Amino acid sequence: FQLPADLTKMHLTDNPHPQVTHVPSSQSGCSIASDSGSSSLSDIYQATESEMGDVDLTGLPEAPVDSEDEEEEEDEDIDRTSDPLLGRDVVRECLEKEPADKTDDDIEQLLEFMHQLPAFANMTMSVRRELCSVMIFEVVEQAGAIILEDGQELDSWYVILNGTVEISYPDGKTESLCMGNSFGITPSLDKQYMNGVVRTKVDDCQFVCIAQQDYWRILNHVEKNTHKVEEEGEIVMVKEHRELDRSGTRKGHIVIKATPERLIMHLIEEHSIVDPTYIEDFLLTYRTFLTSPLEVGNKLLEWFTVDSLRDKVTRVVLLWVNNHFNDFEGDPAMTRFLEEFEKNLEDTKMKGHLRLLNIACAAKAKWRQITLQKPSRDSPLFFSLLGGSDKGFGIFVETVETGSKAAEAGLKRGDQV
């Protein structure tokens, strides 16, 4: 059997890594593949272009089509960034520029590299970006060199990019700091003094330094970049204002944390220009903060009854089916949800969306072999079939009796024999 042929997405937060190793910027990205291959709705449209007929596609997104030249450029990009040494060289080139000379691309390179380091782990994206724009690169070539004397007035915050330093405290204790660790001032304009002596332990120690004035200004103006949503006196969502470029044209709020209930609610709310993939991100990560996908499914069925929300709900379901079909295929309760949603599309005469749902289910279906044992030839099958050569289409399972041996074996409505 093939399931089914006619079966009628706290981003939430920036998660620090418990252990950090030296990864070049070119390899610092994380690629996550969904269980059945993540893709957008436009993939469904393109795959079935010749079959769509009179389906209304008004307002649906279009996917860009890459030319051969663009594909060749992508291959070159991959070749260029696959070399770890080259990745480090690119980051160092960006670091060695004066802050005023750093371009948007330079800052993005630094941002990609710095987000791995523990010193930046608990900072918001906008704070990291501003720190990257003002940081200065310094190198101490010899081991044993004193960076800060005991009692010396501090004027910068330091983050180690390469090598190890040792802090020798007046009481005789020592502490070693390595890549990603920080030392120096706290975010205050008060005069601060070094407690202990800081020395390099190895050759070629590399640091980024941020001046006290800049460090204080950036970290103490975080509040202006956040928007808190309150319900009944409690904060249920925090959004961060981000600007994706210096032109100011691509800016808006992005969700950085929220309660599970509020994250579900945001599925049908307007999404910022800087957070266009919220639905996809939610569908990829919801199992980390929800106990059951039905928590989402039941809300979607409830919202479907509201005319103004119907299109948004349908978009969520189509993305869910297309990107994570295993959520439905391996869960009888979610299969029932899908059948109920399909019936709702039929009742509201949303034929174009119904067709897209059927196409998505058929495209993501997998071959299965099911064995049913009957005590005798005359025993009922507990399911019914539809179609055949006389009907002009394949043979499909039309109904399966709930709780029957056929249902227990995994037979589902919409399975094609």
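## Terms and basis of the model

A patch is a group of residues with over 30% relative accessible area and no salt bridge, in which like charges are joined within 9 Å and nonpolar side chains (Val, Leu, Ile, Met, Phe, Trp, Tyr) within 5 Å. Accessible areas come from the Shrake-Rupley method with a 1.4 Å probe, and for residues only the protein chains shown count as cover.

The structure is a predicted model, in which local features need pLDDT of at least 70, side-chain atom pairs count only at pLDDT 80 or more, and totals for chains, interfaces and linings use all residues. Residues are numbered from 1 along each chain as its sequence is written, and side-chain values use heavy atoms, with hydrogens and water left out.

## The chain as a whole

The chain contains 14 helices and 15 strands; helices (H or I, at least four residues) and strands (E, at least two) are DSSP runs, numbered from the N terminus. Of its 417 residues, 41% are buried. In this report, buried means under 20% relative accessible area, exposed means over 50%, and partly exposed lies in between (1.4 Å probe, protein chains only). The chain exposes about 23100 Å², of which carbon and sulfur atoms supply 48%.

## A nonpolar surface patch

Leu385, Ile395 and Val417 make a nonpolar surface patch of about 250 Å². Leu385 belongs to strand 14 (residues 383-388) and, at 44% relative accessibility, counts as partly exposed.

## Aromatic residues

The whole structure has 13 aromatic pairs. Rings of Phe, Tyr and Trp (its six-membered ring) pair if their centres lie within 6.5 Å; planes under 30 degrees apart count as stacked, over 60 as edge-to-face and the rest as tilted. Phe337 is buried, with a relative accessibility of 2%, and Phe341 is buried at 0%.

These two residues are part of one aromatic cluster, whose other members are Tyr278, Phe282, Tyr286, Phe289, Phe304, Trp320 and Phe328.

## Salt bridges

The structure holds 14 salt bridges, each being a side-chain nitrogen of Lys or Arg within 4 Å of a carboxyl oxygen of Asp or Glu. Arg310 also takes part in one of them, with Asp307 (2.9 Å, N to O). Arg310 is buried at 17% relative accessible area, whereas Asp307 is exposed at 60%. Glu130, Asp214 and Arg217 are linked in a network of salt bridges.

Another salt bridge joins the side chains of Glu231 and Arg262 (3.3 Å, N to O). It links distant parts of the chain, with Glu231 in strand 10 (residues 226-231) and Arg262 in helix 7 (residues 260-265), 31 residues apart. Glu231 is partly exposed at 40%, while Arg262 is buried at 12%. Glu270 and Lys312 also form a salt bridge, with their closest N and O atoms 3.1 Å apart. Glu270 lies in the loop between helix 7 and helix 8 (278-285) and Lys312 in helix 10 (residues 310-323), so the pair ties together parts that are 42 residues apart in sequence. Glu270 is exposed at 63%, and Lys312 is partly exposed at 31%.
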